[in-house]
Amino acid sequence: MQQARARDRRARILDAALRVFSRRGYHGASVDEIADESGTSKGGLYFHFPGKQALFLALLDWAAGELRRRVEAAMALHQDPVARADAALLAVMRSFAAHRDLARLFMVEALGAGREFHERLLAINDEFTGIIQGLLDEAVAAGVIEPVDTRIAARAWFGAVNAVVTDWILSERPGPLEAAYEDLRPLLARSVGASYTLGQEAASG
């Protein structure tokens, strides 16, 4: 029972932190405001997180875990490695589209919050880029796509998605994020010589 209450309090603090960081940005947010927002004492907050930096890092790790779970679920619906890579990127787009505040923290605030946050974000990006590279390696081995430098291709794919999402976050009148990915798909397909229209199998899943 005590452990369940501790988990609930931790989740409540993270939810409050997301709202406060979204309103104030990393530098403008304060531990006092997050504690008030979560209905937790400052001491209770420090019991779970030793400071604002640790709280923001925990929020990034939680977001990355949620994104990873959605990406894995999307990939599991497909067999073709290129379709699985496409489904992974589409899952990233859909996740950010549904949580614009979280996307802003992930894509914008973390970059300006300091070296440790930047390094953590790079590690998260490397993890997801590695997933795409592994799938492209499978596609090359199976003869599904032409031989390419899959490391560079994966970075180009994930970098293109990052650029589209960042532009969407910073736009005053953002259009549908998934529609932007539909325009990006043929460019990704041509970059690796995919022999079918990227997204046909993913769209059916």
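Before the first pair, the terms: I take axes as lines fitted to C-alpha atoms, for helices over the stretch in contact, with angles from 0 to 180 degrees between N-to-C directions. Helices are DSSP runs (H or I, at least four residues), numbered from the N terminus. I am working on a predicted model, where local features need pLDDT of at least 70, side-chain atom pairs count only at pLDDT 80 or more, and totals for chains, interfaces and linings use all residues. Residues are numbered from 1 along each chain as its sequence is written, and side-chain values use heavy atoms, with hydrogens and water left out.

**Entry 1: α5 and α9**

I looked up α5 against helix α9 (residues 177–191) and got a packing angle of about 155°, with the axes 10 Å apart. On the α5 side, the contact (heavy atoms within 4.5 Å) is made by Asp86, Leu89, Leu90, Met93, Arg94, Phe96 and Ala97. From α9 come Leu177, Glu178, Tyr181, Arg185 and Leu188. Sorted by class, I have eight nonpolar, no polar and four charged residues. Here Ala, Val, Leu, Ile, Met, Phe, Trp, Tyr, Cys and Pro count as nonpolar, Asp, Glu, Lys and Arg as charged, and the others, Gly among them, as polar.

**Entry 2: α7 and what covers it**

Helix α7 runs over residues 115–141, 27 residues in all. I get 38 Å from its first C-alpha to its last, close to the 39 Å expected at 1.5 Å a residue (that is, 1.5 Å times one less than the number of residues). Its buried residues include Phe117, Leu121, Asn125, Phe128 and Ala139 (buried is under 20% relative accessible area, exposed over 50%, partly exposed in between, with a 1.4 Å probe and protein chains only). Among the helices covering them are α1 (2–28), α4 (52–75) and α8 (150–170). Just after α7, I noted Gly143 with a positive phi of about 75°.

**Entry 3: α4 against α7**

How do the axes of α4 and α7 cross? They come within 10 Å at roughly 10°, so the two helices are roughly parallel to each other. Contact residues include Phe56, Leu60 and Arg68 of α4, and Phe117, Ile124 and Phe128 of α7. The tally by class is twelve nonpolar, one polar and five charged.

**Entry 4: Ser171**

I found Ser171 in the loop between α8 and α9. Ser171 counts as partly exposed because its relative accessibility is 28%. From Ser171 to Arg190 is 19 residues in sequence and 27 Å in space, C-alpha to C-alpha.

Note on methods. Parallel < 35°, antiparallel > 145°, perpendicular 65-115°, else oblique.
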